[in-house]
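Let us walk through this structure step by step. Keep the sequence beside you as you read.

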Amino acid sequence: CAPPGGGRNPVTPRFIRHFSMFSIPSAADFTLKTIFTSITKGFLQDFPPAVKEMAGAIVNAAVEIYFRMSTDLLPTPAKAHYIFNLRDLSKLVQGVLQADVG
């Protein structure tokens, strides 16, 4: 049998004093679009003009999907794996960056 409370032991202030804590706010929509658009445009320099023009639209769609997943697909006890973070958006852009000119 596990102890009540899930086996969580309280962390004492004496122990916590050895660590620093800082908080970084979530990136805004505009910030994410600016970062990933510049990365995507830099990669698409050797592509035809029609593909280069799609960089902004690709990133806008990816960021929109990311924010909608983060707000609409919240984790539940049955679906605890529904945790989305910036790594998911990054992996999507990395997938686009694997495209070949040919």
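A salt bridge is a side-chain nitrogen of Lys or Arg within 4 Å of a carboxyl oxygen of Asp or Glu. The model is predicted, so local features need pLDDT of at least 70 and side-chain atom pairs pLDDT 80 or more, while totals for chains, interfaces and linings use all residues. Residues are numbered from 1 along each chain as its sequence is written, and side-chain values use heavy atoms, without hydrogens and water.

Start with the charges. Side chains of opposite charge can pair when their charged atoms come close. The count here is one salt bridge. K33 pairs with D29, and their closest N and O atoms are 3.5 Å apart. Both sit in helix α2 (residues 29-43), four residues apart, which means about one helical turn separates them. Helices are DSSP runs of H or I with at least four residues, numbered from the N terminus.

How covered are these residues? Buried means under 20% relative accessible area, exposed over 50%, and partly exposed in between (1.4 Å probe, protein chains only). K33 is partly exposed at 23%. D29 is partly exposed too, at 33%.

Stay in helix α2 and find T40. T40 is buried, with a relative accessible area of 2%. Leaving aside neighbours within four places in sequence, T40 is in contact (heavy atoms within 4.5 Å) with A55, V59, V93 and L97.

Now turn to I16. I16 lies in helix α1 (residues 13-16). I16 is partly exposed, at 44% relative accessibility.

Methods
Helices (H or I, at least four residues) and strands (E, at least two) are DSSP runs, numbered from the N terminus.
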